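This report looks at strand pairing and at charged side-chain contacts. Please keep the sequence and the model at hand while reading.

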Amino acid sequence: MDRRGFLGIMFMAAAGAWLGVRGMWKRGAPRLREAMHYRRLGE
Amino acid sequence: MAKTKIKCELCPSYCELGDYQKGSCRARIAVDGKLYSLVYGKPCAANIDPIEKKPFFHLLPATTAFSIATAGCTLSCKFCQNWQISQASPEDTDNADLPPANVVELARDNDCRTISYTYTEPTVFYEYMLDTARLAGELGIKNTMHTCGYINPNPLMELSPHIDAANVDLKSMSPDFYQDVCGGKLKPVLDALIIMRKEGLWIEITNLVLPTLNDSTEEFKKLSGWVAQNLGPDTPVHFSRFFPYYKLKNLPSTPPDTLKKARETAMAEGLHYVYIGNMRSDAENTYCHSCKKLIIERMGYYVAKMMVRDGRCEYCGTSIPGIWK
């Protein structure tokens, strides 16, 4: 394998890893929506 | 320094919550001085149902409703027929990821004329329902809910312009029944019904008839009289047959004669459209209150005959109350 091929594979692997981590992060991130009709007490 | 407490003002339970505490509905949590919905865009049930299943008998008969629910409920009825999801926390149910835009898209793609917020208590997914209803309304899809009516006036009035119809469970006319069997109060439900009427929602009432608990003739009379007087005699009432579920497995199913008695009592109180649900009989049909002819024949959720055109009886031309287009 020449240098360009090696760099290409490394680039693809890095991109895949980044997308995978990003996907897991987004999927696992809390997606809570703030509720309506409440108030804080004691302020 | 003590953390700020939150008071949820969505339903008459008025839960006061410390940090990371959930409301009694299980669907809302306080975090760092803010209240969050745990169920926004996370339905635990999504189905296409006949509108008759809700039940709505005077709203677009023989059409389908895209129906959604999330986990949780504002009440804790011992007879709940959907307790597996209504009395569960959102983390214990299998939830889909379905934001409001996707609900509306699915409803439209499946030719559903309505979206129904149902199965559990839609008040617990208030924000999700409101956002979905707004979007659906813009596309001409009607919005309906099946609710216990346990919601405070302000949120109800904010929601009402976006909801076309409500089927409200009026479980009893006894405050003690609401306290002991449902873990709630009767008065807020009656207040909510009057607000819905003032706000122009189409209302149908469901009363689940429980042997020994709410099946006296006096109770039927009181309920029907209140509906006739406060919501009008054209308000359809569905007396529904109870089957032993959840915490009331000790009770038998409602005897058919009790349901027939309930219907007779309600009609004697002046109600025009009284139905019996969860049981096959002639009382699942609609009869014109003027000429008494059969105008909508139903077989369970199937509409076999439809003699209402443009909201009028095809035999005598009398206007039939409801939403027909």
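Four bridges join strand β2 of chain A to strand β1 (residues 5–8) of chain B, and the two run antiparallel; strands here are DSSP runs of E with at least two residues, helices are runs of H or I with at least four residues, both numbered from the N terminus, and two strands pair if DSSP finds at least two bridges between them. Within this pairing, A:Arg39 has B:Lys7 of β1(B) as its bridge partner. The open sheet has three strands in the order β2(A)-β1(B)-β2(B), with antiparallel pairing. Because β2 (38–41) of chain A and β2 (16–17) of chain B stand at the edges, each with a single partner strand, one side of each is left without a neighbour in the sheet.

## Basis of the model

The model is predicted, so local features are given at pLDDT of at least 70 and side-chain atom pairs at pLDDT 80 or more, whereas totals for chains, interfaces and linings use all residues. Residues are numbered from 1 along each chain as its sequence is written, chains are lettered from A and ligands numbered from 1 in the order in which they are written, and side-chain values use heavy atoms, leaving out hydrogens and water.

## Strand β7 of chain B

Strand β7 (residues 114–117) of chain B pairs in the parallel sense with β6 (residues 64–69) of chain B over four bridges, and B:Thr114 is the bridge partner of B:Ala65. Four bridges also join β7(B) to β8 (residues 142–147) of chain B, again in parallel, with B:Tyr117 opposite B:Met145. From β7(B) the chain crosses through helix α3 (residues 126–138) of chain B to β8(B) in a right-handed β-α-β crossover (with the strands pointing away from the viewer, the path from the first strand over the helix to the second runs clockwise).

Both faces of β7(B) are covered, with B:Thr114 and B:Ser116 buried on one side and B:Ile115 and B:Tyr117 buried on the other (buried means under 20% relative accessible area, exposed over 50%, partly exposed in between, with a 1.4 Å probe and protein chains only).

## Salt bridges

Over all chains there are twelve salt bridges (a side-chain nitrogen of Lys or Arg within 4 Å of a carboxyl oxygen of Asp or Glu). One of them joins B:Lys54 and B:Asp49 at 2.9 Å, N to O; B:Lys54 is buried at 5%, and B:Asp49 is buried at 5%. In another, B:Arg280 and B:Glu284 have their closest N and O atoms 2.8 Å apart, with B:Arg280 exposed at 54% and B:Glu284 buried at 6%. A network of salt bridges links A:Arg33, B:Asp131 and B:Arg134.
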